[in-house]
Amino acid sequence: MTSENRLRDQIVEYGRSLFERGLTAGSSGNISVRMNDGWLLTPTNACLGQLDPARLSKLDWQGQPIAGDPPSKEAFLHLAMYQERPGAQGIVHLHCTHCVALSCLVHDAPDDVLPPITAYYLMRIRRLPLVPYFRPGDRALAEAVRDKARKHHAVLLANHGPVVAGKSLEDAVYNAEEMEETAKLYFLLSGRPMRLLDAAQIADLEAHFPS
């Protein structure tokens with residue numbers, strides 16, 4: 001198991017990288033990682049580009065703070081995802097531009113709002129369900145996320161942004177980045193004939209790259 005100090009440093013490193021590349025702005029977004037004796041989360045009103053590893057929030061599995069600065073007000077989103085997905089080791093929630101734009105569209109199929117444009121998207125995300133809108137900080141959002149998290153490691157919050165889990169913090173970051181790039185491709189290709197992966201190609205990927 002990676003040491004707590006190393007996990008703290010990883011949150012800071014990935015937070016800075018995401019911020020500097022414009023994948024989150026201001027004090028938006030939050031990052032967490034699972035540990036044996038609880039979990040770490042970025043603090044409330046913290047800029048991901050300016051995190052202090054010693055001031056990260058540490059919480060128990062009831063969501064109660066143990067140490068550090070007060071946690072993000074969206075801690076309950078992370079807790080619900082961890083509780084439903086025992087294999088999740090890291091979670092990233094961003095307000096990245098193209099995913100947020102996607103979350104604001106009207107979707108005919110809200111259980112899968114991003115089409116299979118590339119193999120890499122299928123390998124990392126599979127399917128992306130839309131969670132109905134709740135105001136930021138509304139605890140009812142936790143149960144809506146929990147419902148989707150039973151089958152999906154990535155969800156899109158309506159008019160808000162993505163919440164993405166991974167087998168490690170690195171994996172969660174890469175998953176979130178792949179989702180944002182695919183959303184960007186979706187808008188670039190909008191209005192043009194689009195060649196999507198077909199059912200056979202999707203089944204082949206699922207067979208060779210099980211989730």
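**Close-up 1. The largest pocket and its lining.** The largest pocket of this predicted model is lined by 19 residues, and Met123, Arg124, His153, Lys167 and Ser211 are the ones that lie nearest its centre. Two or more residues of this lining come from each of α4 (119–124), β8 and α6, where helices (H or I, at least four residues) and strands (E, at least two) are DSSP runs numbered from the N terminus. The volume of the largest pocket is about 430 Å³. A pocket here is found on a 1 Å grid over the protein atoms alone, as an open set of points where a 1.4 Å probe fits, with protein on both sides within 12 Å along at least five of seven lines, and lining residues have an atom within 4 Å of a point. Grid points are joined across faces, edges and corners, and the volume is the space filled by probe spheres set on them. Sorted by class, the lining of the largest pocket holds six nonpolar, six polar and seven charged residues; Ala, Val, Leu, Ile, Met, Phe, Trp, Tyr, Cys and Pro count as nonpolar, Asp, Glu, Lys and Arg as charged, and the others, Gly among them, as polar.

Residues are numbered from 1 along each chain as its sequence is written, and side-chain values use heavy atoms, with hydrogens and water left out. Because the model is predicted, local features need pLDDT of at least 70 and side-chain atom pairs count only at pLDDT 80 or more, while totals for chains, interfaces and linings use all residues.

**Close-up 2. The second largest pocket and Phe76.** The second largest pocket holds about 200 Å³ of space, and among its 16 lining residues Gln62, Gly63, Ala75, Phe76 and Arg139 are the closest to its centre. Helix α2 (residues 75–84) contributes most to this lining, with five residues, and the lining as a whole divides into eight nonpolar, five polar and three charged residues. Phe76, which lies in helix α2, is buried, with a relative accessible area of 9%; buried means under 20%, exposed over 50% and partly exposed in between, with a 1.4 Å probe and protein chains only. Not counting residues up to four places away in sequence, Phe76 touches Gly137, Asp138, Arg139, Leu141 and Ala142, a contact being heavy atoms within 4.5 Å.

**Close-up 3. The eight-stranded sheet.** Eight strands form an open sheet with mixed pairing, in the order β4-β3-β2-β1-β5-β8-β7-β6; two strands pair if DSSP finds at least two bridges between them. Because β4 (65–67) and β6 (130–131) stand at the edges with a single partner strand each, one side of each is left without a neighbour in the sheet. Helix α6 (residues 169–189) packs on the sheet and touches β1, β5 (90–93), β7 (154–157) and β8 (161–166).

Close-up 4. Strands β1 (residues 30–35) and β2 (residues 38–41) run antiparallel and are joined by four bridges, with a hairpin of two residues leading from β1 to β2. Val33 has Leu40 as its bridge partner in β2, and Arg34 has Trp39. Three bridges join β2 to the antiparallel strand β3 (residues 57–59), where Lys58 stands opposite Leu40. Leu7, in helix α1 (residues 4–20), is buried, with a relative accessible area of 6%. Leaving aside neighbours within four places in sequence, Leu7 is in contact with Thr2, Val33, Arg34, Met35 and Leu40.

Note on methods
Axes fitted to C-alpha atoms, helices over the stretch in contact; angles between N-to-C directions.
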